[in-house]
Structures are given as structure tokens and as C-alpha cells.
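Dear colleague,

I am handing over the structure below, and after it I set out what was found. Please keep it open while you read.

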Amino acid sequence: MSKLPEVKRRKLGKHKADGRWLGPGKIEIDPRLAPARELEVLLHEFFHDRHPHWVEQKVCEEALITQKFLWQQGYRKTPKKGRREGCL
């Protein structure tokens with residue numbers, strides 16, 4: 001599996017952005033986002049990292065449909081305690 005990008009959280013108001021892909025392996029997210037929007041922005045920036053050849057419209061569409069699907073299935077941000085990693 002490829003290395004996952006590093007995500008830094010900081011206010012991005014001066015950039016007029018909710019998130020930014022800074023290049024391979026580097027993402028910034030504004031910590032003030034509502035949970036559903038945060039998920040969408042994380043996916044958006046992650047797709048930029050994984051698929052840098054995708055045009056912006058494709059990134060936006062895929063992030064939004066993936067966010068809606070995951071949200072509908074009940075995925076929510078939870079505390080980091082007890083996190084586990086792995087494959088099915």
C-alpha cells in the first residue's frame with residue numbers, strides 16, 4: 001500500500017479555502033469545518049494526492065459522491081482511541 005498523505009489542520013481563511021493539496025503527501029484542512037464538509041474536503045484533497053492527473057471537476061464529483069455514500073452509511077468522525085488499521 002502506498003504511504004498515506006500527511007494531514008495538517010490549520011485555519012485557511014487567508015487562502016479562502018477549506019482544504020489544500022500542497023503536493024505529494026501533503027494536505028491542509030481547516031479545522032473549523034462541519035463534520036460532513038470536513039469529510040468531503042478530506043476526500044477531495046486525498047483524491048488530488050492519489051490521482052494528480054484528474055481534472056478538478058472529476059475530483060469534486062468523486063469526493064462529493066463518496067462523501068454522500070459514506071455519510072449515508074453512518075460514517076462519522078470519532079475520537080482516536082481504539083483506532084485499528086488493517087485490511088478486511
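**Strands and a helix**

In β3, Ile-29 is the bridge partner of Gly-19, and Ile-29 is also the bridge partner of Arg-9. Please note that this is a predicted model, in which local features need pLDDT of at least 70 and side-chain atom pairs count only at pLDDT 80 or more, while totals for chains, interfaces and linings use all residues. Residues are numbered from 1 along each chain as its sequence is written, and side-chain values use heavy atoms, with hydrogens and water left out.

Helices (H or I, at least four residues) and strands (E, at least two) are DSSP runs, numbered from the N terminus, and two strands pair if DSSP finds at least two bridges between them. Strand β2 (residues 19-23) runs antiparallel to β3, with four bridges joining them, whereas strand β1 (residues 6-9) runs parallel to β3 (residues 26-29), again with four bridges. Two residues lie between the strands in the hairpin of β2 and β3, where Gly-25 takes a positive phi near 80°.

Turning to helix α2, its buried residues (under 20% relative accessible area, with exposed meaning over 50% and partly exposed in between, for a 1.4 Å probe and protein chains only) are Val-59, Ala-63 and Gln-67. Because these cover an arc of only 55° around the axis, taken from the directions from the helix axis to the C-beta atoms, they lie on the same side of α2. The face turned away from that buried side carries the exposed residues Gln-57, Ile-65 and Gln-72, and Ile-65 counts as exposed because its relative accessibility is 53%.
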